Amino acid sequence: MNLSTLLRVELPFVLTAAVATASDKAPPTYQNGSVQGWDIRVDTNDSGNGRRAKVYELRGSDLVYKLDYCGAFQAGKFGIRRAVECRVDGERLYIRHDGDKEYKCKIEGTKAAGAAPAAP
């Protein structure tokens with residue numbers, strides 16, 4: 001079988017399999033949560049310069065998450081006690097906004113939702 005014949009026979013099968021695989025992916029499942037508060041953390045580098053970072057606390061259904069590096073979310077788009085839809089994927093938590101967009105946040109830590117705050 002030459003290359004031209006092989007492409008005519010095999011290529012439609014490969015494309016159909018790729019489309020079927022992409023459409024089989026389930027949409028992400030979100031949980032309800034709320035922004036509980038935030039703290040300012042100062043990260044210092046080797047030269048002693050500091051970066052002020054807002055670290056948010058978000059209460060999910062089972063866990064409370066400490067979040068940082070949330071992009072526009074950190075610009076003050078959400079107030080305290082604001083209800084949000086979120087999902088966790090590995091070390092990231094995604095907060096849904098504007099229907100199909102997400103803020104991607106880094107999870108700095110977690111604790112059980114019913115746990116008392118850690119002592120300073």
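These are my notes on a few spots I looked up in this structure, which is a predicted model.

**Surface patch.** Trp38, Ile40, Val42 and Ile80 make a nonpolar surface patch of about 360 Å². I then checked Val42 by itself: it sits in strand S1, residues 31-44.

**Strand pairing.** Next I followed S1 to its partner. S1 and strand S4 (residues 83-89) run antiparallel, with four bridges joining them. For a landmark I noted Ser34, which stands opposite Ala83 in S4. S4 also pairs with strand S5, residues 92-97. That pair is antiparallel too, and I have five bridges down for it. One of the pairings to look at is Val88, whose bridge partner in S5 is Leu93.

**The turn.** What sits between S4 and S5? I found a hairpin with two residues between the strands. Gly90 in this hairpin takes a positive phi near 70 degrees.

**Ala113.** Last, I went to the segment after strand S6 (101-112), where Ala113 lies. Ala113 counts as buried because its relative accessible area is 18%, and the cut-off is under 20%. Which residues does Ala113 touch, leaving aside neighbours within four places in sequence? I listed Arg59, Ser61, Asp62, Leu63 and Val64 as its contacts. I also checked Leu58: its C-alpha is 9.8 Å from that of Ala113, though the two are 55 residues apart along the chain.

Methods: Residues are numbered from 1 along each chain as its sequence is written. This is a predicted model: local features need pLDDT of at least 70, side-chain atom pairs count only at pLDDT 80 or more; totals for chains, interfaces and linings use all residues. Side-chain values use heavy atoms; hydrogens and water are left out. Patches are made of residues with over 30% relative accessible area and no salt bridge: like charges are joined within 9 Å, nonpolar side chains (Val, Leu, Ile, Met, Phe, Trp, Tyr) within 5 Å. Accessible areas come from the Shrake-Rupley method with a 1.4 Å probe; for residues, only the protein chains shown count as cover. A salt bridge is a side-chain nitrogen of Lys or Arg within 4 Å of a carboxyl oxygen of Asp or Glu. Two strands pair if DSSP finds at least two bridges between them. Buried means under 20% relative accessible area, exposed over 50%, partly exposed in between (1.4 Å probe, protein chains only). Contact means heavy atoms within 4.5 Å.
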